[in-house]
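This report is meant for someone meeting the structure for the first time. It begins with one residue and its surroundings, and then turns to the chain as a whole and to its parts.

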Amino acid sequence: MPQLPDDFAPHPARDASLASMQAVEAGDKAAWLALFADDAVVEDPIGPSPFSPDGSGQRGRAAIEAFYDSVIGPNEVRFRIDSSWAGGDEVANVGTISTRMPDGTVVHTDGVFTYKVDGDGKVVALRAYWEMDRLRVGG
């Protein structure tokens, strides 16, 4: 279970973010993919990166599934959320994602992770604000 702040109150986007974190921590690809609307976008991180050289992120189910298979699936991922701010149909979670790679290396990603949902509670945008040169390795 992700580490959450005491005031992680119910909200449609916050609920979707929790379901996303729980699915990723459990390695449940099907549950994670089921959270997204058909035309959703994942920008993790926002802007150009090794995961999205042109900076456009992954749009649509096939691209999001490929992102899961290459970036999330091979690793053990844990979430710690320090604070969470909801507004309208979105939430911004501030915290750390700790990723254990297959070789045992652990990478800590501090950032702001936003989720926007539609009227059905499906994620239409998952955007992650973090910087490659601020990743922490170890522990």
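Leaving aside its neighbours within four places in sequence, which residues is Ala92 in contact with? In this predicted model, Ala92 belongs to strand S4, and, once the neighbours within four places in sequence are set aside, it is in contact with Ser83, Ser84 and Trp85 as well as with Val112, Phe113 and Thr114. The C-alpha atom of Ala92 is separated by 22 Å from that of Asp38, a residue 54 residues apart from it along the chain.

**The chain as a whole**

The secondary structure of the protein chain consists of three helices and seven strands, and, read along the sequence, these follow the pattern α-α-β-β-α-β-β-β-β-β. The radius of gyration is 14 Å, close to the 14 Å that the globule rule gives for 139 residues, so the protein chain is as compact as a globular protein of that length. Along its principal axes, the C-alpha trace spans about 40 × 35 × 25 Å. Of the 139 residues in the protein chain, 45% are buried, while the chain exposes about 7100 Å², with carbon and sulfur atoms supplying 53% of that area. Among the contacts in the protein chain with a separation of 6 or more, 48% are accounted for by residues 24 or more positions apart.

**Helix H1 and its surroundings**

Helix H1, which covers residues 12-26, has 15 residues and reaches 21 Å from its first C-alpha to its last, close to the 21 Å expected at 1.5 Å a residue. The buried residues of H1 are Ala13, Arg14, Ala16, Ser17, Leu18, Ser20, Met21, Ala23, Val24 and Glu25. These buried residues pack against helix H2 (29-34) and helix H3 (61-72), and also against strand S3 (76-87), strand S4 (90-100), strand S5 (106-117) and strand S6 (123-129). Just after H1 comes Gly27, which takes a positive phi of about 70°.

**Strands S3, S4 and S5**

Strands S3 and S4 run antiparallel and are joined by eleven bridges; S4 and S5 also run antiparallel, and eleven bridges join this pair as well. S3 and S4 form a hairpin with two residues between them, and Gly88 in that turn has a positive phi of about 60°. The hairpin formed by S4 and S5 has five residues between the strands, and Gly104 in its turn has a positive phi of about 95°.

Ala37 has its place in strand S1, and it is buried, with a relative accessible area of 10%; the cut-off for counting as buried is under 20%. Leaving aside its neighbours within four places in sequence, Ala37 is in contact with Arg61, Asp118, Lys122, Val123 and Val124. His11 is 26 residues apart from Ala37 along the chain, and the C-alpha atoms of the two are separated by 18 Å.

Glu43 also lies in strand S1, which covers residues 36-43. Does Glu43 count as buried or exposed? Its relative accessibility is 13%, and Glu43 therefore counts as buried. What does the side chain of Glu43 make a polar contact with? The partner is the side chain of Arg127, at 2.8 Å. With the neighbours within four places in sequence left aside, Glu43 is in contact with Gly55, Ser56, Gly57, Leu126, Arg127 and Ala128.

In the loop between S1 and strand S2 (58-59) is Pro45. A cis peptide bond joins Asp44 and Pro45, with omega at about 0°. As background, most peptide bonds are trans, and most residues other than glycine have a negative phi.

Key
Residues are numbered from 1 along each chain as its sequence is written. This is a predicted model: local features need pLDDT of at least 70, side-chain atom pairs count only at pLDDT 80 or more; totals for chains, interfaces and linings use all residues. Side-chain values use heavy atoms; hydrogens and water are left out. Helices (H or I, at least four residues) and strands (E, at least two) are DSSP runs, numbered from the N terminus. The expected span of a helix is 1.5 Å times one less than its number of residues. Buried means under 20% relative accessible area, exposed over 50%, partly exposed in between (1.4 Å probe, protein chains only). Contact means heavy atoms within 4.5 Å. Two strands pair if DSSP finds at least two bridges between them. A polar contact is a pair of N or O atoms within 3.5 Å; within protein, one must be able to donate a hydrogen and the other to accept it, and residues adjacent in sequence count only if both atoms are side-chain atoms. The radius of gyration is taken over C-alpha atoms; the globule rule is 2.2 Å times the number of residues to the power 0.38. Accessible areas come from the Shrake-Rupley method with a 1.4 Å probe; for residues, only the protein chains shown count as cover.
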